[in-house]
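Welcome! Have a look at the structure first, then try each task before reading on.

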Protein chains: 2
Amino acid sequence: MHCFFDPKSVAIIGASRDPKRGGHRILKNVKTGFQGGIYPVNPLCDEIDGLRCYPSVLDIPGPVDLAIVYIPARLVPGVVRDCAKRGVPGVIIESAGFAETGAEGAARQNELKQIAAETGIRLWGPNCMGLVDMVKRHVFSFVVGSIWDAGALIGDVSLIVQSGFLAAGFVVDVMSHRGVGISKACSIGNKVDVDECDVLEWLLDDPHTKAIGLYLESVANGRRFMDLCRRSGKPIVVLKGGKSARGAEAAMSHTASLAGHGGVVRGALAQVGVVEAHDFAQMMDICCALARFPEPPKTNRHRVAIITASGGAGIVSADFVDEVGLELAELSETTRKELARVYPEWMPVANPVDLFPAIDLNGPDAYRVAFEALCADPDVDAVLFHLFGLRPENDWSAVLAETIRRAGKPVIGWLIGRRDVLEQAQRRAAEEGIPVFRELYRATECLAAVVKQRARGNGSESELRDAHEVPAAAAAMLEAVRGVLDEHLSKRILAAAGVPVVEEKLVASGDEAEAAAAELGFPVVMKGLSPGKIHKTELGLVRLGITSQRDATAQFHSLMEAMNGTGSVLVQRQVRAELELIVGMIRDPQFGPCVMLGLGGVLAEVFRETVFAVAPLSRADALRLIARLGAQRLLDGFRGAPAVDRDALARILMTVGQLGCTCPSVREIDINPVLVSNGVPVAVDASVIVDG
Amino acid sequence: MHCFFDPKSVAIIGASRDPKRGGHRILKNVKTGFQGGIYPVNPLCDEIDGLRCYPSVLDIPGPVDLAIVYIPARLVPGVVRDCAKRGVPGVIIESAGFAETGAEGAARQNELKQIAAETGIRLWGPNCMGLVDMVKRHVFSFVVGSIWDAGALIGDVSLIVQSGFLAAGFVVDVMSHRGVGISKACSIGNKVDVDECDVLEWLLDDPHTKAIGLYLESVANGRRFMDLCRRSGKPIVVLKGGKSARGAEAAMSHTASLAGHGGVVRGALAQVGVVEAHDFAQMMDICCALARFPEPPKTNRHRVAIITASGGAGIVSADFVDEVGLELAELSETTRKELARVYPEWMPVANPVDLFPAIDLNGPDAYRVAFEALCADPDVDAVLFHLFGLRPENDWSAVLAETIRRAGKPVIGWLIGRRDVLEQAQRRAAEEGIPVFRELYRATECLAAVVKQRARGNGSESELRDAHEVPAAAAAMLEAVRGVLDEHLSKRILAAAGVPVVEEKLVASGDEAEAAAAELGFPVVMKGLSPGKIHKTELGLVRLGITSQRDATAQFHSLMEAMNGTGSVLVQRQVRAELELIVGMIRDPQFGPCVMLGLGGVLAEVFRETVFAVAPLSRADALRLIARLGAQRLLDGFRGAPAVDRDALARILMTVGQLGCTCPSVREIDINPVLVSNGVPVAVDASVIVDG
């Protein structure tokens, strides 16, 4: 990847004299800041803008580290072959007209893929906007040259954007007025070769990058992406396009990429501690906050102090703090005394800290006193401050920044007031490294993203050591079977793997049924297992609440009759459950084996949203997966029911994930329901699908 | 209210020569734009800034329509008495130091209240920022004078803000950089006399106001507020502070106002078609969109077309359209043909309409062609467009505005690009009346607010005609009782009022129990009714699943024993239900009798959020209340169960509300559960509390 980020010489293939052409803009942009050799390539010119122009990349005399290509799509494969021949290590293809344009374009893109595979040349794009390095002033792109006029802020947030033109607008937007300082902006387009993982890997080691934002429509290699995120010491924020059904459809027709199961992607991101963003500007705002406070907080607490000059804004802030899952701090005695010093006598000290009366009484210095007290308070983990920018003469940035540095805890601000005053204040705050936002909710959610950071890097590898192996017995059983396994066999395999299953017996006669029922204890459930028929309930093959031996015999005969004498009958202890869950394993095309957890029964009708994690799961992964399930109240023991044994449930999830990882023939596992009885989860019905 | 909005002469009590004092700023601000008589009042000066200064309002020679007071709180009551004596019809008190400051201040505020009651003088404030009328250039406030320098945009959104200092920052912020044109900004503070209803009523008739935004911490008179909203022909947007538990606590200590039950307020706003906002800037953005498109759409459909120059942004937009409850339009044949004309051949026409390839092929005019086609498409109800502002020379505002005017449907834009280009584009769009936003989600939610507008004004009165009366029998029964009524009596009253209740019999002996059970049909439920004991289940006084006459006798004796021989026994048909609901009536201090609806049983543990509506309920109100309940899937018939009879449930809700309205002695009604059996709701247990 060195050739893209640190080339000594650049060829611009498709360079042009016509200022309306992209090839002209690329050349102009490269010349603006790039200090190495620049070689325009265009068979129709001898010279462009004072530089000698070559008919082909093959004609360039010196070494070429990077070629930027912006010519009609049909000419691209030939030119790329030339680059390979010439020994150019990397090419950025900004032209469109490939997989995003139907069959012909897809064929062209395939050709590029083959060239890369054959020659080892690295290809970036096509259908992309290229690469901008603000620190080095490298603009390897046809669009964003004008950012330098538009007040770009150089900083430490780097950006990876999949979409082509969006990247242009987005990057220009971010650079010209988001108040977020940018390090590198990488538009990777159709990802024929270089993908988000290659770029991310580079950025993880880039000393000029503190936080990374990604807009992705697809994830090229889910597991590699997760591994990179796992070992990242830097905060990563992802905006994933195409989550709703209609959005996913649009993704298919746009970049010919698989949008992926929204739940799996969401689960994968949560699993590796990536923050999921919702909107473009919001992603950048979160990156900005995380770049300033990239360290996970030392405490596990999320106690926030709010400083405001308006009781009303304090109230709304308190609502938001609650909404984003933070809590209001109880101020320490020292802080209370300090605040009481500047407060009017009638006013009780509370959080949110409403300073208007204090400022009215003691002047604006009361704000500084309060700010310092809260930043120093050991019972306060983070501070959300409001600044009312009404008069241009007040610039607090330096004072606040110094206090924040000393405090070593996250402090984020909301600015409200006069446009001209605020713009100045925001710029000053950015220079001092204080994240401030113009919308209160945004400020609060950015604070939440900072405060809720998990410990990063390496941690997860040690976590994975506690993932247990699938016992040999289960693996051996799986090797002997294929197809949709019946309930009994599915559960025998799961039991061999370590999943607790309901007690049951397969019976072949009325007498056996009677004996089995008596042994299991009434009431029992009886089920008819008919080969290949998995919808037992719909077929009338499930009989609940059998309370006598006589009834057991009768039901045996009735079930056999319903199955026309084929199949067998299962007698099962009837579990009285306070909660129904569903556990499963699926294979995602981008992430491989994934574990699914959902609520079962009637609740499944309400909470269709199931949660996913990518296998294998560490114990911590499994517990976090459980914690991501909606309706935690149900798990904590409601109406006097015992709480769900989360460790036992975690073991089931880990086992199911491990089966997916170690037994590639298992296509799918569906345990529905897992019943929770007295807090203990047990698999009651299951279906394992094994590929032939 | 005339005196506040249209005074001929203004006295400024507390006017000062010292530029640091609020009284100086008020005078300066009034002089800036007010054309009538201006009378500074200050016993220490003879003249300020070229105007004669009077020692007291009593010394002013001519008539005084309005006094603006900014003096220490303790002096305010005396001065207000002087104003009343002088015949001044209205006073804006901007001083702080009243109910928000503890007991002494509260006493002072009470004194003001008495003066208003005794003399009829209208008092606005105290603890407020006053009133700004942008159209007339009236700045009756100590803070916002500088807005004229900061590029304020005069427009048709009016604003009512309860909080004092917040109003200052907020209004200045809005006026100086929100791109929202403001008509009037009213900061009403502690609302000792003039409240949001008074101001709202005035604004509803104000020809310069097209949409109204309110930030409220409390609602002074819920019913009047709702009536005003009901008859409003203008869209109203409310941001209510203090919804979370902690937020409400902050509200208590801040403006000494009751934050109110979040659910009740939310229900009341939804009931009268008010849009609930979430954040300050967001409220203004929604107001801006609604002011531009204040008419409810002619269709009931919510079909949105998206125009973009980026497939990626199109994908995210499609996600958002889904999220805000709109749908993507299927484009008409005519539109498809029109788009195909400018699309490259390989590209299929779809929605989102990705125009980058078309622009690449045919130049920027392709955008205009697509924009016009979508605006004219009869299968498209609203358009969300993206504009990428990359080059300063493109100004599309006039062309787009003309197309939008012709289309007569909501069209809202998202701007992304270079700061300087965008600022110009946003200003131009505002001038042309096109709502454009810088965040994509914001643009989408504003479009949803516009598209989902309900028919406004008068409609609701005719709706209320179908609210039915409480039958005389129920009212008569209620007059005879008091206290916490037992289950049986509660249900008899509800039944008399028209609520379907479960079949049951009160029995006094084992024989009667046996006979009742046989008559009702097995299985039955038996309950012990012990006077004053409402938690029957916890006391072991509920026996379910009684299937024989012998068991009925035995249970009768067992229950009597459990109640030590006192009380009575109820035999009830056991209802087999597919769904459990809770219906109730409570009295809210600000809104009066309210109807509550929630999910019961296990689901209540998950969905603690219950929904409210203010009684009486029209049939439409009741149906909308049902539609606001979480988990609509459960109501629509899940797993083959029949759908809930919404009309029958609506009748129960209307009846319960009517009981609250016509029987003021009924403090509370709790029907828990209402069981839904084969789609039909029936009250199974109930408790009515009647005040003595």
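**Exercise 1.** Work out how the axes of helix 9 and helix 24 of chain B cross, and which residues meet there.

*Solution.* Step 1: find helix 9 at residues 262-271 and helix 24 at residues 619-628 of chain B. Helices here are DSSP runs of H or I with at least four residues, strands are runs of E with at least two, and both are numbered from the N terminus.

Step 1: the two axes come within 11 Å and cross at roughly 125°. That makes helix 9 of chain B oblique to helix 24 of chain B. (Axes are lines fitted to C-alpha atoms, for helices over the stretch in contact, and angles run from 0 to 180 degrees between N-to-C directions; under 35 degrees counts as roughly parallel, over 145 as roughly antiparallel, 65 to 115 as roughly perpendicular and the rest as oblique.)

Step 2: list the residues in contact, meaning heavy atoms within 4.5 Å. Arg266(B), Gly267(B), Ala270(B) and Gln271(B) of helix 9 of chain B meet Asp621(B), Arg624(B) and Arg628(B) of helix 24 of chain B. By class, this contact has one nonpolar, two polar and four charged residues. (Ala, Val, Leu, Ile, Met, Phe, Trp, Tyr, Cys and Pro count as nonpolar, Asp, Glu, Lys and Arg as charged, and the others, Gly among them, as polar.)

A note on the source: this is a predicted model, in which local features need pLDDT of at least 70 and side-chain atom pairs count only at pLDDT 80 or more, while totals for chains, interfaces and linings use all residues. Residues are numbered from 1 along each chain as its sequence is written, chains are lettered from A and ligands numbered from 1 in the order in which they are written, and side-chain values use heavy atoms, leaving out hydrogens and water.

**Exercise 2.** Find which strands stand at the edges of the seven-stranded open sheet of chain B.

*Solution.* Step 1: write down the strand order, 9-8-11-10-12-13-14, with mixed pairing. (Two strands pair if DSSP finds at least two bridges between them.)

Step 1: strand 9 (138-140) and strand 14 (275-276) of chain B each have a single partner strand, so one side of each is left without a neighbour in the sheet.

Step 2: Strand 13 (residues 236-240) and strand 14 of chain B run parallel and are joined by two bridges. Val238(B) has Glu276(B), in strand 14 of chain B, as its bridge partner.

**Exercise 3.** Describe the four-stranded open sheet of chain B and the helices that lie on it.

*Solution.* Step 1: the order is 22-25-23-24, and the pairing is antiparallel. On average, neighbouring strands of this sheet are turned by 20° against each other, direction ignored.

Step 1: strand 23 (residues 524-529) and strand 25 (residues 568-573) of chain B are joined by six bridges.

Step 2: helix 21 (residues 510-520) of chain B packs on the sheet, touching strand 22, strand 23 and strand 25 of chain B. Helix 22 (residues 549-562) of chain B lies across strand 22, strand 23, strand 24 and strand 25 of chain B, at about 175° to strand 24 of chain B.

**Exercise 4.** Locate the cis peptide bond between Asn351(A) and Pro352(A), and the positive phi of Asn564(A).

*Solution.* Step 1: recall that most residues other than glycine have a negative phi, and most peptide bonds are trans.

Step 1: the bond from Asn351(A) to Pro352(A) has omega near 5°. Pro352(A) sits in the loop between helix 12 (333-342) and strand 17 (353-354) of chain A.

Step 2: Asn564(A) has a phi of about 55°, and its place is in the loop between helix 22 (549-562) and strand 25 (568-573) of chain A.
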